[in-house]
Amino acid sequence: MNPNNSSAEIIDDKQFYQLGSNLLQSIEAALEAADDALDLDLDVERQGGNVINIRFKDRSVIIVNTQPPLHEIWVAAKSGGYHYRWAGSLAQPLWLDTKTGRELLGDLSEFASAQAGQAIKVSLIAK
């Protein structure tokens with residue numbers, strides 16, 4: 001998919017805030033559930049409302065944060081830094097990497113699985 005998807009619904013700042021908040025809550029919930037189920041020894045910490053630091057047993061970190069002025073979600077992982085731009089609809093949220101076109105939650109699941117050494121699935125909480 002194209003991260004500059006012209007069929008994506010235009011979102012305003014309030015909608016970005018709501019979508020970003022749901023995304024961060026979903027990430028926290030998925031990682032906490034994976035930690036409980038798999039005993040991964042994760043430390044999931046929210047900073048300033050719009051940043052999540054995920055610390056793994058091997059001391060590696062993934063950082064996920066919203067970038068309100070750009071309407072983007074940024075992820076920093078062992079494998080690199082990624083910028084995800086809105087490409088969905090309010091009914092079907094979708095964030096795509098600005099360089100590769102890959103989907104945010106699929107990438108985050110892959111990054112977290114690699115850093116945890118076990119399969120982790122990150123998905124949105126239904127709102």
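**Notebook: sheet and aromatic pairs**

I looked up Val44 and found that its bridge partner in S2 is Ile54. The model I am reading is predicted.

I then took the two strands as a unit. S1 covers residues 43-47 and S2 residues 51-55; they run antiparallel and are joined by five bridges. The hairpin of S1 and S2 has three residues between the strands, and Gly48 takes a positive phi near 60 degrees there.

Next I traced the whole sheet. I noted an open sheet of six strands in the order S1-S2-S3-S4-S5-S6, with antiparallel pairing. S1 and S6 (95-97) are at the edges with a single partner strand each, so one side of each has no neighbour in the sheet. From one strand to the next I have an average twist of 20 degrees.

Trp86 stands opposite Trp95 in S6.

I turned to the rings and found four aromatic pairs in the structure. For Phe16 and Trp95, the ring centres are 5.8 Å apart and the planes at 80 degrees, so I logged this pair as edge-to-face. Phe16 lies in helix H1 (residues 13-38) and Trp95 in strand S6, so the pair ties together parts 79 residues apart in sequence. I checked burial: both Phe16 and Trp95 are buried. For Tyr82 and Tyr84, the centres are 6.5 Å apart and the planes at 35 degrees, so I logged that pair as tilted. Tyr82 and Tyr84 are both buried.

Last entry: I have Phe16, Trp86 and Trp95 down as one aromatic cluster.

Terms used: Residues numbered from 1 in each chain as written. Predicted model: local features only at pLDDT ≥ 70, side-chain atom pairs only at ≥ 80, totals over all residues. Heavy atoms only, no water. Pairing = 2+ DSSP bridges. Helix = DSSP H or I, 4+ residues; strand = E, 2+ residues; numbered from the N terminus. Axes fitted to C-alpha atoms, helices over the stretch in contact; angles between N-to-C directions. Phe/Tyr/Trp six-rings, centres within 6.5 Å; stacked < 30°, edge-to-face > 60°. Buried < 20%, exposed > 50% of the residue type's maximum accessible area, 1.4 Å probe, protein only.
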